[in-house]
Amino acid sequence: MMRKVALNLARVSLVLSMLVVFAGSFVRMTGSGMGCPDWPKCFGHIIPPTDEDQVKWGAEKFFEQGQMILYEEALWIANASFETSESFNPDNWEKYTRHDYAHFNVYHTWTEYINRLIGAATGIPTFFLFLVGLFYWKRDKVVTLFAAASLFLLGFEAWLGKLVVDGNLVPNQITIHMFGALLIVTILTLLINRLKNNSRSLIGKKTFYLFLIVIGISILQILLGTGVREEVDHLLKSGIERIAIIENLPVIYAIHRSFSILVMLINGYLIYKLIKAVTGQKAYLFMWVGILLIEVLLGIGLTYLGFPKEMQPAHLIFAFLLFLVQLYVFLQVKPDRD
């Protein structure tokens, strides 16, 4: 019974974690990362504003303590709850200085807010998974440690999310933020596999070690892709049009693009070897092929269609899915010792 509860909680946490990855990518695609300029509230509200008038100063308006407004192209926080007079009184307000991003766009605000809600929702099953994991300490300490690690990393991601907002989307922190999500997904997948305790198929040692190399290459390719995304964001902020993105990208893009050829070839060869050696995982191998083809097509589309923003989150999501399928199949095999 306890194993079933833990398994279901881990599965729900994994699905929600993937939704967080998708939502975060959608936020970046739409440029909504600063839709909520503060954290954990949004313009000082628990539920974000839906109209610009709610974040604009005006005479004879009531503001609650901590509420944030836009005034003279800057953000201000109410020192106390009060009703305004006929003129702006700076004594009632404290200027927000953690960053200088002072804009309101209701679409961006609610896009970022929904992203945060999904992240908060992920914390609920992950917390209960941790509690259930405590009961496994004597039976299987690995389960307890995995459950604790997933909760710790989720808390770390939330803290890092605050730093990202306070720093107005600092590039390196965004990369760490993304890889934290990748680590959470990895740990939850390992935990699910541990709880299922399936028998594993034997494969040759060379194929097993090739599998390790393929997983390492996938992680490296995701890292390179993240670097490309940061360069794209930088170019867009500097005013470069999407149609001209490719010709202005640095060498990391060329490396990422060329590396994708190796990724496709080595994945194809490994899948061929696994189809011959593994039984019972054919569906996941065919899924692996499908995800790989879609990912390659998305990469080609980004290159030759002027980097359409709609393809960026899809490219990231399928990279995550490719890694997840690889990891899942890897956990179903073991090297033949003979």
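Trainee: How do the residues lining the second largest pocket divide into nonpolar, polar and charged?
Mentor: This is a predicted model. In it, the second largest pocket has a lining of 31 residues. Three of the lining residues are charged and 11 are polar. The nonpolar ones number 17.

Trainee: Which residues lie nearest the centre of that pocket?
Mentor: The pocket has a volume of about 670 Å³. Helices α5 (205-237), α7 (251-277), α8 (282-304) and α9 (311-330) each give at least two residues to its lining. Nearest the centre of the second largest pocket lie Gln 221, His 256, Glu 295, Gly 299 and His 315.

Trainee: Which residues form the disulfide, and why is it left-handed?
Mentor: The structure holds one disulfide. Its sulfur atoms, from Cys 36 and Cys 42, sit 2.0 Å apart, within the 2.5 Å cut-off. The disulfide is left-handed because the torsion about the S-S bond of Cys 36 and Cys 42 is about -85°.

Trainee: What is the bridge partner of Met 68 in β3?
Mentor: Strand β2 covers residues 68-71, and strand β3 covers residues 74-78. They pair in the antiparallel sense over four bridges. In β3, Met 68 is partnered by Ile 77.

Trainee: Which residue in the turn between β2 and β3 has a positive phi?
Mentor: β2 and β3 form a hairpin, with two residues between them.

Notes: Residues numbered from 1 in each chain as written. Predicted model: local features only at pLDDT ≥ 70, side-chain atom pairs only at ≥ 80, totals over all residues. Heavy atoms only, no water. 1 Å grid on protein atoms, 1.4 Å probe; cavity = no way out; pocket = protein on both sides within 12 Å on 5 of 7 lines; lining within 4 Å. Points joined across faces, edges and corners; volume = space filled by probe spheres on them. Nonpolar A, V, L, I, M, F, W, Y, C, P; charged D, E, K, R; others polar. Pairing = 2+ DSSP bridges.
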